[in-house]
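Subject: Structure handover

Hello,

Here is the structure we spoke about. Notes on what was found in it follow below.

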Amino acid sequence: MKITDTGDLWWKNAVVYCLDVETFCDWNRDGVGDFAGLAQRIDYLHELGVTCLWLMPFYPTAEVDDGYDITDFQAVDSRLGTFGDFVELIRVARDRGLRVIADLVVNHTSAQHPWFRSARAGKGSPYRDFYVWRSDPPPDTSSEVVFPDQESSIWEPDKRSGEWYLHRFYRSQPDLNVLNPAVRDEIAKTMGFWLQLGLSGFRVDAVPFLIETLGQSEEAAALLPDPHVVLRDLRAFLGRRTGDGILLGEVNLPHAQQAEFFGGDAGGELTMQFDFIGMQYLYLALARQDARPLAKALRERPEIPKDCQWATFVRNHDELTLDKLSDAEREEVFAAFGPEPEMQVYGRGLRRRLPPMLGGDPRRLRMVYSLLFSLPGTPVLFYGEEIGMGENPSLPGRSAVRTPMQWSNTKNGGFSEAPASALTAPLVEGSFGPEFINVADQRRDPDSFLAFVAHLIHRYRQCPELGWSTFHELEQPHAAVLAHRCTWDDGTLVALHNLGPDGVQVPVTLDGCGSSHRLVDLLEDGSTPLDGAGSATLALDGYGYRWLRVVAPDSRRLI
């Protein structure tokens, strides 16, 4: 490791695991997951190799938007436990070497939040300017709504005050006015509160909406001519309080705009961002069984500051958005993985998990996750991915993928001992249900998908070049194959992935290598010598994958 590449940038080689406390493990038998249950499962996450736990909202909520409609930013939902339970969870996680981050949802509040209740009572309220209002009837904004099946405008009339308030999401979630310094102070206080209780940072929800000045007068907007100041201030505050805390941002924008949210060349804004574009073109590549769309998206990633990072993922807690694909490309993905209308959501994404989309094909599933962990960046898993969980299509919208964790083939999948009618959500049914897909069975099977993902995680953690290097595509003749090289410090890794069903022979040439070098397989036993030109031909099965360490005679890196 270079002197300047110090270990305090822990997020560069982290493995992030996202879960909803409510659906993970119920310990008090009331049908709702809780902090105590999660604490009991920390050893499982530690054994899996997870290094950072991301908690979806656990705050008091009006229960309209699955916890994202918050009524108190500095409290815990009593259904999930107490502050004492939360602190104990943090302690247990730290004892096992896991950092914990949580959702920071400060673009909006619930309409039931005390601030908004006061604000709508009259223009004299001290919280009136915590929100964005207009007195004149708004124009048609139906094209700007986030949830077109639920809302027809981003402005909602408020009978109590006679004005309209801004809501980018549901009408029950009024937007906060980030131009108001008092609002920015409250956001910082909220961050400071949870950092003091042991969090290592935040996943920041809906970042572009948070800093926008939509609906504000020119005079108000002039008070904050560069809204990115908000992010720079929050990053600076985080640094003062923690030193190594992170802001992982949800920024689903074109690459050039994503670079702005890192803070440009200088950095200083978001620490990490999800690679939404890479994810979407991964699905297009899988649909076509052609690696070129993904390779192009990875080549076009903008350069980012050294202390920043891309977060790579296959699935997350929302719909699988495909909004950056063209209409024709999106239809290709729909045809391959979600041909029925009920599998789609908002006309722009899928409400499915990957295993059912791939028809349960274990070869393709393993190839995709091998690919995920071999891409430069920090991998993020959504709970249940490590065992191949499916979705419950009978649930509405995004709830289809937010079902209880499947721990065993016992009652309620081992999630809870409460009556099934009391569960926070129904379980997955059919061939992807807990009778067939669960942790307990897979833990006892060395060939299980759980064992495979754990192996990938441990190998990823042993390959720092995957977190520190950039993407470098290797030329080879097969459209279905993605071949890339990651080099950092004295380590080089080559990864090959075949998105097609037919076996191929893949010729690769590595600059700077010769007959004294060899390629050592990292996921299985094997070794391939290079010739004097640094070339070799490597066999790849249909839907095959290989990770290979470039080893020189004097190499000091463990393999």
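A nonpolar core here is a set of buried Ala, Val, Leu, Ile, Met, Phe, Trp, Tyr and Cys residues joined through side-chain atoms within 4.5 Å. Buried means under 20% relative accessible area, exposed over 50%, and partly exposed in between, with a 1.4 Å probe and protein chains only.

The model is predicted: local features need pLDDT of at least 70, side-chain atom pairs count only at pLDDT 80 or more, and totals for chains, interfaces and linings use all residues. Residues are numbered from 1 along each chain as its sequence is written, and side-chain values use heavy atoms, with hydrogens and water left out.

Cores. The largest nonpolar core has 154 residues, of which Tyr17, Leu45 and Leu55 touch the most other members. Helix α11 gives the most to this core, with nine residues. (Helices are DSSP runs of H or I with at least four residues, strands are runs of E with at least two, and both are numbered from the N terminus.) Another core, of 17 residues, lies apart from it and includes Val504, Val506, Leu510 and Leu540.

Helix pair. The axes of α11 (residues 276–288) and α13 (residues 327–337) come within 9 Å and cross at roughly 60°. Axes are lines fitted to C-alpha atoms, for helices over the stretch in contact, and angles run from 0 to 180 degrees between N-to-C directions. The two helices are therefore oblique to each other; angles under 35 degrees count as roughly parallel, over 145 as roughly antiparallel, 65 to 115 as roughly perpendicular and the rest as oblique. Across the contact (heavy atoms within 4.5 Å), residues of α11 including Tyr281, Leu284 and Arg288 meet residues of α13, among them Glu329, Val333 and Phe337.

Helix α12. In α12 (residues 292–299), Pro293, Leu294, Ala295, Ala297 and Leu298 are buried. The buried residues of α12 pack against α10 (255–262), α11, α15 (362–374), β15 (472–473) and β16 (481–488).

Two single residues. Val204 is found in strand β7 (residues 201–204) and is buried, with a relative accessible area of 3%. Not counting residues up to four places away in sequence, Val204 touches Leu104, Leu210, Leu247, Leu248, Gly249 and Glu250. Phe436 lies in the loop between β14 (378–382) and α16 (439–443) and counts as exposed, at 58% relative accessibility. With the sequence exclusion of up to four places, Phe436 touches Gly430 and Ser431.

Regards
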